[in-house]
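Hello,

Here is the model we talked about. Please open it first, then read the notes below.

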Amino acid sequence: MKIDLTRGMKKIRIPGTLPVLLLCLAAAAVVILFFSNTPMETLYYFFPGVLSNSLYLGEMLNTIVLLSITGLGIVLAFNAGSFNLGGEGQVYTGAICAVLTARLLPEMPGIPGISVLLLSGIAGGAALAFISGVLKALWDVDDLISTFLLSAGVGKLIDYLITGPLRDSSSYLMTTAPLPEKFRLPSLLIPSPFNISFLLPLLLLPLFHYFLNHTRQGYELQITGRSSSFARHSGLNMRIYQTLPLTASGALHGLAGALVLTGTYFAGIQGLTSGLGWNGIAVAMIAGRKVPGLLPAALFFAWISQGSKIAVLHSDISLELGAIIQGVLFLLISSSVLRIKSRRRR
Amino acid sequence: MILVILASATPLILAALGGLLTERAGVLNIALEGMILGSAFAAVLIAGLSGSIFLGTLGALFAGMLISMLFNLGTFTLKGNPFITGLGINVLVPALTVSISQRIYGNQGIIRPENISSVFKIAGMDMFTITALAAAVIMLIVFFRTRQGLIIRSCGEQEDLLISRGINPVKVKKQMVLLSGAFSGLAGGALSLNLGVYVPGMSAGKGWIALVAIYLGYRRIPGVVLACILFSMAEWGANRAQGFLGIPPTLILSFPYFLTLAALWLFSIRKSRSNTGL
């Protein structure tokens, strides 16, 4: 079972995922044609509608920031041969840790306060992924499954915290009390949530690209990912490379969660991750597990998800378009990758 | 009380038996959840449109197989990662059911057709329970007394052996996924037809619990059935005990995932011990 699960993933080298992306767009168009009574109008909202005002544009840009951070987390784990399917729970954990920190330390001043909130988010996400890393390093528990299960379970626990003990009883929504004004990242494109955090991917992506390709540790990490037996025989410390990249992956997801809290929702809303973890996987796969591909991949994905949101708001289709596109993407994305690989082998 | 527990264990037993088939053939089928939900929807939809429980059950069976064909397409035909394909199905199916129900009934919520009759029963057991128990017995015989059973078991354990005998393991795996789709289809039918209503998300982690049951039952048929019954008893007990234990129901939702992880962890510890012992 174990070999089957990971064998394909470790070998992936994608030159281009363009056919899959086109197929997904085609699937979206088919769904719209089938479920909408005014397909042309819906299609308009779906594709160019994103650029029609600063709210939609800013929301998309903000999504690109968040997705490139979670996508980076997935790419990092991939390169070490780990598979992080717990992104969703790690993002959620990051957000709830930041909520708790804001409650515990309300008198912190603004900018250091936000930094502490982000750090607590990073720590929360990292801790969750660290558990899976340890389970893998010590007992060979498949990280693919353990990250997913842990994340799903913890997600329910956080749901409970938000709807139960931490709930803001004055609000009708399932949400914690709003974050104090000083802990919020101000918008750069009012009224959208687009904020200063856009600098983070611009900093993190080159940094990790450099680390992976131009440092000894980065090289060893990639060797571990490509062939664990070769790495073991070369005397690399496998336990470190099975644990740390996964933990760093969780840390990046936790950071994204804290950013969602401080920059977008300003409160711990139930389900605030809105697929950031899953979509990060899709983004990483579209990017071909390479850091430089992350920004364009995030742009593609953010455009699609924002487009489907706008289409739902302005036309007659049901609320599930985004999920359908996402499902189709998952069905196709790992496969296309392998087909290209097998074509190369021949 | 025994019958109540058995009835509530039925969808679980059916799904777990289906999952066991793929598990023994070497495919981790995490799409059980999506298969159950999709066929629960199809069952009520078709039973409501046709007015026949029988056609509804048949619809559930086919819906489950249809979804498993999607799984086969992504996993084997396109050679994708089974876990990602399974996730895709688990994301896609709930979204599709909502969209279809929106299109047909104009609402995204509960479907409660007026004309659904009650499920056929013998001696207090409904037809799904009888099917589940019969399936377990038949599977026991097939697994250990027939060539097909041997092929299925060796598919998961020694693929090379099959190849050397001229049997294509991928074909066996595909068939088992299809069968697990049929089983999950019946599980979905048992879930929704017994109530005569479809509620979005009504599978509520049953696919995942079925996976736990497979590992808790040490991948053996009687063990798996027993584990399913145990889960239903625990659930029944927890529902009764909620009042005085004070465990909030939202918290209980996290249990299946942690239990699965714990079961897998124990499984891995055992495996790594026996490996070093050799």
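One definition to start: buried means under 20% relative accessible area, exposed means over 50%, and partly exposed is in between (1.4 Å probe, protein chains only). This is a predicted model, in which local features need pLDDT of at least 70 and side-chain atom pairs count only at pLDDT 80 or more, while totals for chains, interfaces and linings use all residues. Residues are numbered from 1 along each chain as its sequence is written, chains are lettered from A and ligands numbered from 1 in the order in which they are written, and side-chain values use heavy atoms, with hydrogens and water left out.

**Salt bridges**

A salt bridge here is a side-chain nitrogen of Lys or Arg within 4 Å of a carboxyl oxygen of Asp or Glu. Side chains of opposite charge can pair when their charged atoms come close. The count over all chains is five.

Start with B:Glu23. With a relative accessible area of 5%, B:Glu23 is buried. Its salt-bridge partner is B:Arg219, at 3.1 Å from N to O. B:Glu23 sits in helix H1 (residues 2-24) of chain B and B:Arg219 in the loop between H9 and helix H10 (221-245), so the pair ties together parts that are 196 residues apart in sequence. B:Arg219 is partly exposed, at 21%. Helices and strands are DSSP runs numbered from the N terminus (helices are H or I, at least four residues; strands are E, at least two).

Next, B:Glu159 and B:Lys173. Their closest N and O atoms are 2.7 Å apart. B:Glu159 belongs to helix H7 (residues 159-164) of chain B and B:Lys173 to helix H8 (residues 169-195), so this pair links parts 14 residues apart in sequence. B:Lys173 is buried at 6% relative accessible area. B:Glu159 is partly exposed at 28%.

Chain A has a salt bridge between A:Arg184 and A:Glu181, with the closest N and O atoms 4.0 Å apart. A:Arg184 is partly exposed, at 22% relative accessibility. A:Glu181 is exposed, at 63%.

**Chain A overall**

Chain A has 14 helices and zero strands. Its C-alpha trace spans about 60 × 50 × 35 Å along the principal axes. The radius of gyration is 20 Å, which agrees with the value near 20 Å that a compact globule of 346 residues would have. That radius is taken over C-alpha atoms, and the globule rule is 2.2 Å times the number of residues to the power 0.38. Of the 346 residues, 58% count as buried. Contact means heavy atoms within 4.5 Å. Among contacts in chain A with a separation of 6 or more, 78% come from residues 24 or more positions apart.

**Local points**

A:Thr273 is in the loop between helix H11 (238-265) and helix H12 (276-286) of chain A. At 5% relative accessibility, A:Thr273 is buried. Its side chain makes a polar contact of 2.6 Å with that of A:Glu88. A polar contact is a pair of N or O atoms within 3.5 Å; within protein, one must be able to donate a hydrogen and the other to accept it, and residues adjacent in sequence count only if both atoms are side-chain atoms. Leaving out residues up to four places away in sequence, A:Thr273 touches A:Glu88, A:Val91 and A:Tyr92.

Please check the backbone too. Most residues other than glycine have a negative phi, and most peptide bonds are trans. A:Ser274 is not a glycine, yet has a positive phi of about 35°. A:Ser274 is exposed, at 51% relative accessibility. B:Lys79, in the loop between H3 and H4 of chain B, has a positive phi of about 55°. The peptide bond from A:Ile190 to A:Pro191 is cis, with omega near 5°.

**The interface**

Here 43 residues of chain B contact 43 residues of chain A. About 3900 Å² is buried between the chains, with 76% from carbon and sulfur atoms. Buried area is the accessible area (1.4 Å probe) that two parts lose on being put together, summed over both. There are zero salt bridges between chain B and chain A.

Best wishes
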